[in-house]
Every structure is written in C-alpha cells, then in structure tokens.
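Please keep the sequence and the 3D view at hand as you read.

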Amino acid sequence: YGLSIRPWPDSQDQYLLIFSITDTALEQGGSYRISMEGLGRCGEEGPEVLLPGTWELEVTLQPASVQNYGTDHSFSVSGETWTLIRAAVSPLALTLEFQVPETAVDLRNLDTMMAPTIRMTGGEIIDRSSCVCGITSRTGQVEMTLEFQMPLNVEQIESITVFGRELTAEP
C-alpha cells in the first residue's frame, strides 16, 4: 500500500491524495478505514506540517483481481543485471520489484529508462505521464509503483512493457 500527495493545481491549501494498494486483500474487497494525522511533507529543511489535524476516511472496495506478469526476467541496466522479482497490476497501481546488484543505484531518470507502459485491449496506452510514480530502493532491491488516476479493469490489460520488453499476464 502507499500514499502519494501533491498540491492541487492553483491552490495553496488543497492537496490531492492518492492511496494505492496492490495486495491479495483486493480480491476479497471490503470496508477499510484510513486515518491520517498532521498532513506533512519533508523538504530540504526537514519535515513540515502543511495541515494540522486528524482525518478519517472510510472506503469500500469492490472485489477485484490482481494480474501477475511473471518473474525471473533479466534486464541490463547501466551495465548491471536487474532481475524482475514481481510485476503486478491491481485496479489501482502497477508494481514492479527488481533484485539488483548491491551497488549504488542512481534513481535519477530511472522512470524514463524503465519506461513502464500498460497496453489495454482497446489499444489505449497508459504510461508514466498519466500516473503518479514512486520509486524506492534498499540494498539489493528497487521498487517502482505507478498509481493510476482512475481504477483499471485488469481483465482488459493486454500486456505491460518494462525496459522495452513486453510481458503478458500469467495464466
């Protein structure tokens, strides 16, 4: 699961929050409560509270499926071998997890190099430009999440493309 935040266009005190979950819990659906306190961000000068207070949001998710796109695909990235250990698409997000050499990973421009796209059966292409992107790394692993603006029908996904290689869903 995750949370992305960005200022609402042309506003000083309104923010767009995108919650994402790529989990087997989506298959069951159900009601969930999200509690937040002290909406903030971490800038160059450290943490800053943007909107103090406490908020609770109740959400009901309809049962949905998660499509998996195989593992053990290897990619050459800046002369190093990266192994895809998880590729999954839920109605809310695409999650890619890679096992990488335990050397310093430069995350700059990684989203452009990886260039993940989703091809729908009707020909529509969903790419980085229409999503919120998050990239994290820790020793030996990199994870990228593309959070969609609107839920997708995962049954209508034809394929995903990562580092120029097209992957199809597992049966």
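A salt bridge here is a side-chain nitrogen of Lys or Arg within 4 Å of a carboxyl oxygen of Asp or Glu.

## About the model

This is a predicted model, in which local features need pLDDT of at least 70, side-chain atom pairs count only at pLDDT 80 or more, and totals for chains, interfaces and linings use all residues. Residues are numbered from 1 along each chain as its sequence is written, and side-chain values use heavy atoms, with hydrogens and water left out.

## The pair between S7 and S8

Searching the whole structure turns up 3 salt bridges. In one of them, the side chains of Arg86 and Glu97 meet at 3.2 Å, N to O. Arg86 belongs to strand S7 (residues 80-89) and Glu97 to strand S8 (residues 93-99), so this pair ties together parts that are 11 residues apart in sequence. Strands are DSSP runs (E, at least two residues), numbered from the N terminus.

How open to the surface are these partners? We call a residue buried under 20% relative accessible area, exposed over 50% and partly exposed in between (1.4 Å probe, protein chains only). Arg86 counts as partly exposed, at 26% relative accessibility, whereas Glu97 is buried, with a relative accessible area of 15%.

## A network around Arg33

Salt bridges that share partners join Arg33, Glu56 and Glu58 into one network. Glu56 pairs with Arg33 in a salt bridge whose closest N and O atoms are 3.4 Å apart. This links distant parts of the chain, with Glu56 in strand S4 (residues 46-61) and Arg33 in strand S3 (residues 30-43), 23 residues apart.

Arg33 also forms a salt bridge with Glu58, and here the closest N and O atoms are 2.6 Å apart. Because Arg33 lies in strand S3 and Glu58 in strand S4, the pair ties together parts that are 25 residues apart in sequence. Arg33 is exposed, with a relative accessible area of 53%, and Glu58 is exposed as well, at 57%. Glu56 is exposed too.

## The cysteines

How many disulfides does a search of the whole structure find? The count is 0, where a disulfide is a pair of cysteine sulfur atoms within 2.5 Å. The cysteine sulfur closest to that of Cys131 is in Cys133, 8.5 Å away, which is too far for a bond.

The surroundings of these residues can be compared as well. Cys131 is buried, with a relative accessible area of 8%, while Cys133 is partly exposed, with a relative accessible area of 21%.

How values were computed
Helix = DSSP H or I, 4+ residues; strand = E, 2+ residues; numbered from the N terminus.
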